[in-house]
Amino acid sequence: SQVYHQSERSNLPSDLDCIIVTAPMECDPLSLLPALNRSFPRAQKHIATSCKGFFNQDHVYLDQSIGVFGFHDPLGSYGSAAGGFELESDVDHLVQQLLTTASLRAERSGELPSLVWMSATPGFEEQVINSIQSFYRAKVMICGGSAADNMIEAQWWIADQYNSFSQGVVLTTMYSSAQVFTRLSSGYFLTENSG
């Protein structure tokens, strides 16, 4: 399998199996979704807004760029599903529906994924994580986080390849042909100073 980290200006292969997209809050999802579907017709799409930009291994992008993190894994399976909710009480049921849909889109219904990538609108992240763990009744790796905007003014949104929502969650079930592991890295560096 191959993983690509590039910005919108770069040439990405069109036969990717899954893309994780970070978009500026000003981006219109009604324009972005058709463009992504034309550019990556096979890929399952996981899209969320970010705060002011994104970074990759080479650069920090603070210029309204769209970031695409792509997976080419012909032996793996991927499925994405997004949905919106109005009330906190809707979250558990929505997560169950989305995980079922994502697994069906990956053609791996009933199997434990290698990883679930989540993007939730702020305030519901912990509940989404708990709902994912409850759905699988087993420990499953979860990566991702919050959809965001530049000033915490609820200008965020999430989407899959079909629909966008101003409040909700997008989940991608990943059944990778490669071994998957996670690593936590932080900005902490030990110094001589203490207090």
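1. Leaving aside neighbours within four places in sequence, Ser80 is in contact (heavy atoms within 4.5 Å) with Gln44, Lys45, His46, Ala102, Arg105, Asp160, Gln161, Leu171 and Thr172. The model is predicted: local features need pLDDT of at least 70, side-chain atom pairs count only at pLDDT 80 or more, and totals for chains, interfaces and linings use all residues. Residues are numbered from 1 along each chain as its sequence is written, and side-chain values use heavy atoms, with hydrogens and water left out.

2. Ser80 belongs to strand 7 (residues 77-84); strands are DSSP runs of E with at least two residues, numbered from the N terminus. Its relative accessible area is 0%, so Ser80 is buried (under 20% relative accessible area, 1.4 Å probe, protein chains only).

3. The side chain of Ser80 makes a polar contact with the side chain of Thr172 at 2.7 Å, and reaches the backbone oxygen of Lys45 at 3.5 Å. A polar contact is a pair of N or O atoms within 3.5 Å; within protein, one must be able to donate a hydrogen and the other to accept it, and residues adjacent in sequence count only if both atoms are side-chain atoms.

4. Asp160 is placed in the loop between strand 10 (158-159) and strand 11 (164-165). Asp160 counts as buried because its relative accessibility is 2%.

5. The side chain of Asp160 makes a polar contact with the side chain of Arg105 (3.2 Å) and reaches the backbone nitrogen of Ala82 at 3.0 Å. Beyond four places in sequence, the residues in contact with Asp160 include Ser80, Ala81, Ala82 and Arg105.

Conventions:
Helix = DSSP H or I, 4+ residues; strand = E, 2+ residues; numbered from the N terminus. Buried < 20%, exposed > 50% of the residue type's maximum accessible area, 1.4 Å probe, protein only.
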